[in-house]
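Please read the points below alongside the model.

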Amino acid sequence: MAKLTLKNAQQTDLFAFAFPQRVYYEDTDAGGVVYHARYIHFLERARTEWLRYLGFNNGELTRKHKMLWVVSEITINYVKPARIDDALEVTVAIETLGRVRCIFHQEIKRGEEILVKARVTVASVSAVDFKPLEIPAELKRKMEATC
C-alpha cells in the first residue's frame, strides 16, 4: 500500500509519496542483483501510483486533456544493490514544478538504507503533436499541494 509521509523540517519538500516494490527473479541479472535498467521501471511505477494518489491517471489525462508525460532527463546514482525478494520502497517528491516541466527527486530504499537516488525531469506534451503543453490546472493544484 502506498503512503504519504511528512519529511523532516530541514528538507525543502514537505511530503514524499512512497510505493512498495518487491524484487522478482525477472528483475535480476545473472548475479542475482537487480539489473540497472529495472530501477527505471521501479521509478516509473512509483510516479504512476503517485499520480493515482492525486486522483489522476495517464489514460484520463490523454483522453480529457490530450496530454502525455515524457521523461526528458534522468540522473541515477546507484548506491547499493538490491537483490531478489528484497522489499523496497520507492519515494516520489517534487523538487521543482513549472508550467510544463516537473523535476522529481526519487529514492529506492530497503528499510532505511538508500539504494538508489534519482532526479527525473518530466514534461507535459500534447498527445497530438508532442509540443509542450501546460500542465492542466486541476492537476497542477494537487501537485503544488505536495511541494
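Which residues do ring pairs link into a cluster?

1. Ring pairs join Tyr 39, Phe 42 and Tyr 78 into a cluster. Rings of Phe, Tyr and Trp (its six-membered ring) pair if their centres lie within 6.5 Å; planes under 30 degrees apart count as stacked, over 60 as edge-to-face and the rest as tilted.

2. This is a predicted model: local features need pLDDT of at least 70, side-chain atom pairs count only at pLDDT 80 or more, and totals for chains, interfaces and linings use all residues. Residues are numbered from 1 along each chain as its sequence is written, and side-chain values use heavy atoms, with hydrogens and water left out.

3. There are four aromatic pairs in the structure. Tyr 39 and Phe 42 have ring centres 6.1 Å apart and planes at 85°, so this pair is edge-to-face. Both residues are buried (under 20% relative accessible area; exposed is over 50%, partly exposed in between; 1.4 Å probe, protein chains only).

4. Trp 50 and Phe 104 form an edge-to-face pair, 5.1 Å centre to centre with 80° between the planes. The pair links distant parts of the chain, with Trp 50 in helix H1 and Phe 104 in strand E5, 54 residues apart. Helices (H or I, at least four residues) and strands (E, at least two) are DSSP runs, numbered from the N terminus. Trp 50 and Phe 104 are both buried.

5. Lys 109 belongs to strand E5 (residues 101-110) and is buried, at 18% relative accessible area.

6. Val 71, in strand E3 (residues 67-78), is partly exposed, with a relative accessible area of 45%.
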